[in-house]
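I opened this entry to keep track of what I looked up, beginning with the sheets and ending with single residues.

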Amino acid sequence: MGSSGNGGGRSGGGGGGGVDKSVDFANYFCTYGFLYHQKEMLCDRVRMDAYYNSIFENKDHFVGKTVLDVGTGSGILAIWSAQAGARKVYAVEATKMSEHARELVKANNLQDVVEVIEGTIEDITLPEKVDVIISEWMGYFLLRESMFDSVIVARDRWLKPTGMMYPSHARMFVAPIRSGLGDQKMSDFESCMGDWSNFLKETKTYYGVDMSVLTNSFGAEQKKYYLQTSIWNNLHPHQVIGKPCIIKEMDCLTATVSEIRSVQASFSSLITEDRTRLCGFAGWFDVHFRGNKENPAENEVELTTAPSMENGTHWGQQVFLLHPSIHVREGDELNVSFSMDRSKENHRLMEVELGCEMREASGKQHPSFTKRFYIE
């Protein structure tokens, strides 16, 4: 299936801006060639149901049409498109998962409709333009992995002027949360530094080498790992303690690479829980299948990765923890600045900066703070 935040065979590969292609392939695509990773995606019911319903509840978008599946993975989106009545489906896959996709297509007697093409979308050539581009390109917090770059390439090269994107729209959300994860991470960090201290003593005692000059570098390395790297989590809705705010909206028909390379937003959120702790912020996304203006979906479908008691996804939420947490009350106002940029070392990873000012319901102003995080 067109891959997701944590798996699926993707056909991406471009949009890296100077990234060595062989290194990028080895580091990024290798995971997506394994069936166990595909299974993780195929077992995500929220994901599966959204794509299945968007196709079969809007068959008029597929009957007799040409479809391009970008990052087909196991091929299931291509198979569903064909089952819904597509005349021709081009299923593009960059890894050897393409061989399994061909097997599945043939086993379902769709080899005359679905053509599996192994290669990156940047390198392959199609014999015609298509009516629909379908892809499951979303990464953690929507944009991690930068696969949408490749979907944009596919759209600009191969989508007809009247064509549509599946999904058609996407949104990113941020909300304040409470969580015990922050205390656990701080404990892990302190334990790690204690272990380093013991290591220094033993190395000097037994081997006569003083390695304390490396303490600052080691501490910075471990601080990034334990305290500044975002955490994957499926949060309970009760852990959200303030109004979720939209920080980015995308129209997949018109979005550009420059538009998604950096996300900047400012928003306010009122605390909705009394006498609790602000332990950090969580980010998630949703996508919508709306067709296009000329041919809107008869039944619009939403796929959301918001905190849920029963409908968690393999994307979960990205959690940005504060150390220490802050005591808050109902009615306190958070004024937040958010920025997310691609890592200079690896364009598929993200760096986030969160700034926050808090005003209590009583009017008292707290000192502002700015924290840097990494989505890896």
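**Parallel sheet**

I first looked up the open sheet of five strands, whose order is S3-S2-S1-S4-S5 with parallel pairing; strands, like helices, are DSSP runs numbered from the N terminus (strands E, at least two residues; helices H or I, at least four), and two strands pair if DSSP finds at least two bridges between them. Strand S3 (114-118) and strand S5 (159-166) are the edge strands, and each has a single partner strand, so one side of each lacks a neighbour in the sheet. From one strand to the next the twist averages 20 degrees.

I noted that this is a predicted model, in which local features need pLDDT of at least 70 and side-chain atom pairs count only at pLDDT 80 or more, while totals for chains, interfaces and linings use all residues. Residues are numbered from 1 along each chain as its sequence is written, and side-chain values use heavy atoms, with hydrogens and water left out.

Helix H4 (residues 76-83) lies across strand S1 (66-70), S2, S3 and strand S4 (130-135), and runs at about 180 degrees to S2.

I then turned to an open sheet of four strands, in the order S9-S13-S14-S15 and with antiparallel pairing. Its edges are strand S9 (262-270) and strand S15 (369-375), each with a single partner strand, so that one side of each is left without a neighbour in the sheet. Strand S14 (residues 350-359) pairs with S15 in the antiparallel sense over seven bridges, and Glu351 stands opposite Tyr374 in S15.

Phe338 is located in strand S13 (residues 333-342), and I list Phe338 as buried because its relative accessibility is 3%; buried means under 20% relative accessible area, exposed over 50%, and partly exposed in between (1.4 Å probe, protein chains only). Leaving out residues up to four places away in sequence, the residues that Phe338 touches include Phe141, Val174, Ile247, Phe267 and Leu354.

**Cores**

Phe338 is also among the residues with the most contacts inside the largest nonpolar core, which has 89 residues, and Leu68, Val114 and Trp137 are others in that group. I took a nonpolar core as a set of buried Ala, Val, Leu, Ile, Met, Phe, Trp, Tyr and Cys residues joined through side-chain atoms within 4.5 Å. A second, separate core of ten residues includes Leu235, Trp284, Val319 and Leu321.

**Gln318**

Last, I looked up Gln318, which is in strand S12 (residues 317-328) and counts as buried because its relative accessibility is 3%. Its side chain makes a polar contact of 2.6 Å with that of Ser230, a polar contact being a pair of N or O atoms within 3.5 Å, where within protein one must be able to donate a hydrogen and the other to accept it, and residues adjacent in sequence count only if both atoms are side-chain atoms.

How values were computed: Axes are lines fitted to C-alpha atoms, for helices over the stretch in contact, and angles run from 0 to 180 degrees between N-to-C directions. Contact means heavy atoms within 4.5 Å.
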